[in-house]
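Here is a note for a colleague who is opening this structure for the first time. The points below can be read alongside the sequence and the model.

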2 protein chains.
Amino acid sequence: MAHPRASALFAEGRTPRSEGHGPRASALFAEGRTPRSEGHGPRAEVICVGTELLSGKTNTHVPHLSRLLREAGIRLTGERTVPDELAAIRDAVSGALSRARFVIVCGGLGPTFDDITRAGAAAAVGRALRYRPDIFARILRRFRRHAMKVPASNRRQAWLLEGARELDNRRGSAPGQLLELPGGRMLVLLPGPFAEMAPMFAEAVLPRLGRLCGGLRTRKRVFRFYGIAESAADERLGRLLRRPAPGVEFTILACLGLVDLHVSVAARRAAGAEGELARIERRVRAALGRRCFGTDGDSLESVAGDRLRARGWTLAAAESCTGGLLGERLTRVPGSSDYFLGSVVAYHDGLKESLLGVRRETLRRWGAVSAPVVRELAEGVRARADADCSVALTGIAGPDGGTRAKPVGLVFIAVSLPGGTTVLRRLFAGNRSQIRERAASAALFELISRLS
Amino acid sequence: MAHPRASALFAEGRTPRSEGHGPRASALFAEGRTPRSEGHGPRAEVICVGTELLSGKTNTHVPHLSRLLREAGIRLTGERTVPDELAAIRDAVSGALSRARFVIVCGGLGPTFDDITRAGAAAAVGRALRYRPDIFARILRRFRRHAMKVPASNRRQAWLLEGARELDNRRGSAPGQLLELPGGRMLVLLPGPFAEMAPMFAEAVLPRLGRLCGGLRTRKRVFRFYGIAESAADERLGRLLRRPAPGVEFTILACLGLVDLHVSVAARRAAGAEGELARIERRVRAALGRRCFGTDGDSLESVAGDRLRARGWTLAAAESCTGGLLGERLTRVPGSSDYFLGSVVAYHDGLKESLLGVRRETLRRWGAVSAPVVRELAEGVRARADADCSVALTGIAGPDGGTRAKPVGLVFIAVSLPGGTTVLRRLFAGNRSQIRERAASAALFELISRLS
């Protein structure tokens, strides 16, 4: 039995790189064989300051900054949240500056006694803080414009790190600060509230970082797939994902039957990025075919709506297990009243008969969750709503009500068009809410396919 | 103009503590006047390992662990995400151990070359890693049970920090590790996937931490309010929130018209915590009255369902602007088929007439978004579905379609019971989806109120 020291074990990392370590399906980095910790571009770290941030809140700052930094060609290589304690802030800032070229600190710029980011940052870089009456005058004016009394404590917000540039805050009282340091490094202090931080970063910090990093132009697109598993999409796109051109980054995200491929292309010139993106789009569409139902802001419901509008057709729906979800999704799209007439949620079998004309004999013989019933639901609502086409759903969303022959997750879907009615039988995995979402998506995709 | 050194500025923190620094509405800590950075209980820090975690993902581990730690009387005083780099992991672990009594590391325990948390932790604490054939044998057995081939790289998961206890992972191959260190400190290594990390922490780590920290018993309850603004609820509960008994913690969260008061009571004995919680509940109910519609897992739809079931009544719905959302929410509740018959989504006016019997004259004279129409919708669906009671909604969800007289956000709601029909007029703020959610909530609350 060996007792290697830690560093020896790490050497045990001889595990050859080619040994089946494919990139993880959900986060494919450029150059899949490069260890994920390498990569290109300068390093940045983000520090969030605030005891309250450690009390169970979700951090939305870091994902946001991470995405924007990456688009500018900068890698986020560390993230940290510290309480409102001077030593913690000071140590976090100096530690980050020793590892990363850009350090972004969010929070702790307010007027109260526990807002001590300015002091912590000053201690970390060994600079003085300078009181700037012009900044305080601006804060005063802003308060007065809103006819508010200025607490004396706001004076604290007018202290600037020596040599730092003030970043104007049009959405709050705390100005940000940007300090350039030797070696091309930069320390940025941003206010804590997301609504103040995000625009200040986008407007005053990101363009500067972009210029420092060579001014890459980024183009992004999301390709949306339905009817294919994440792993199968990954396989079909194999070579494209695993050998991306420089500056190209792929991420695959899957949720309830929908798979999204996020593509980001960075290049020196916008035309270069656009050309590369167009090349990628051709390859994605060739590999995925009609399973690629849309891009970017498209949803199954918006694409179905586009197809209906293009034909000038109207749609009605009949739902059972989804309880109204299909109609709710169709009407999420503004302007859906152009084609969507309505939906009948016939949860109780009595309504399937009385409102949609499903025959009692069909219900008795086949049961409410069956192909014949879903067909009658679709044809019934289409006739009664006087619609050009219709979609119907009936199934068992659980958690109870399943049997051996008709388990939880079994859903029948019908789409009725002037050309006829098709019926699908599907078995969905998941809990009640997931089964309902998957069922509605399947119905929408079948509608899209029939309208193609 | 002063040029104070950073530490001098911090002394400028003479800003008296009483100067209007009330607790923030959304996170009221026990002893609102105590600076947020103080507090009681031992300190813990969490470190997440994984380059992919820095690529824009939301961190759900930290909020989860933070809540559970707090309930055990332990404060999370730092959180950090580091890439898969040995030095970064080592420095993060040793730094955290220098500040906090408990350090929890998540991730990097997998079998691949970039899973180096074991090595980084070993380097931080200066311990050897010991190969444990019995652990590898268990991993082998688990793979075989699923008829899977065991990659040789999984052997890496059988290395344990010298002196550490193995934490069994029933949901994955990577065992956790728990190492007790001098001075009552503890280092815990947990697997990265949430589905493996969360149960291992709850089952194998939390009970031990709880015992070390005096074994406080915690009781929690969420009180759910509707029909009152967050600030108004805060005001009504004023004294209760601002002078909590020791061990009591309040948090108020508001979302789309619903306000939740989270209460956590920690005490040496379970009976003490329960008694305090009961006292708080009496005061909350006295202050909020019927606006407190439920607790914990209750939702407006489940409480409405409980009231219907208690009376043995059935419900039908008629929707327009919500497009099916009301039915979808009612049927989120398992077993809702006991009382919910169905819903007619009459998005197009033609269906309001043909399916629900709204008179053309009423539509023509008052318009689809009006009190007379919503009344006819409610009474129409109640009659046609042969239901004991009904709810109806019609409104303008936007973004288009608003006029001066009928702006976006205007919604009419009707509830029809054997005792008669009531109609409400409401104007909701927000975007399309928010207006729809708020409208459905208002309809459900009106139904609950009428059934009380």
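1. A residue counts as buried if 20 or more other C-beta atoms lie within 10 Å of its own, and as exposed if 12 or fewer do. With that cut-off, helix α4 of chain A, residues 117-125, is mostly covered: nine of its nine residues are buried. The buried residues of α4(A) are A:T117, A:R118, A:A119, A:G120, A:A121, A:A122, A:A123, A:A124 and A:V125. After α4(A) comes A:G126, which has a positive phi, near 65°.

2. The model is predicted, and this should be kept in mind for every point in this note.

3. Chain A as a whole has 15 helices and 17 strands. It has 452 residues, of which 50% count as buried. Among the contacts in chain A with a separation of 6 or more, 66% are between residues 24 or more positions apart.

4. In which order do the four strands of the open sheet in chain A lie? The order is β10-β11-β9-β12, and the pairing is antiparallel. At the edges are β10 (248-255) and β12 (292-295) of chain A, each of which pairs on one side only. On average, neighbouring strands of this sheet are turned by 20° against each other, direction ignored.

5. Within chain A, strand β9 (residues 217-226) and strand β11 (residues 258-267) are joined by ten bridges in the antiparallel sense. One pair to look up is A:Y226, whose bridge partner in β11(A) is A:L258.

6. Is A:R282 of chain A buried or exposed? The residue lies in helix α9 of chain A, which covers residues 270-288. A:R282 has 10 other C-beta atoms within 10 Å. A residue is exposed if that count is 12 or fewer, so A:R282 is exposed. As for distance, the C-alpha atoms of A:R282 and A:R404 are separated by 45 Å, and the two residues are 122 residues apart along the chain.

7. In chain B, strand β16 (residues 410-417) and strand β17 (residues 420-427) run antiparallel and are joined by eight bridges. The two strands, β16(B) and β17(B), form a hairpin, with two residues between them. B:L417 has B:G420 as its bridge partner in β17(B).

Technical notes:
Residues are numbered from 1 along each chain as its sequence is written. Chains are lettered from A and ligands numbered from 1 in the order in which they are written. This is a predicted model: local features need pLDDT of at least 70, side-chain atom pairs count only at pLDDT 80 or more; totals for chains, interfaces and linings use all residues. Two strands pair if DSSP finds at least two bridges between them. Axes are lines fitted to C-alpha atoms, for helices over the stretch in contact, and angles run from 0 to 180 degrees between N-to-C directions. Two residues are in contact if their C-beta atoms, placed from the backbone, lie within 7 Å.
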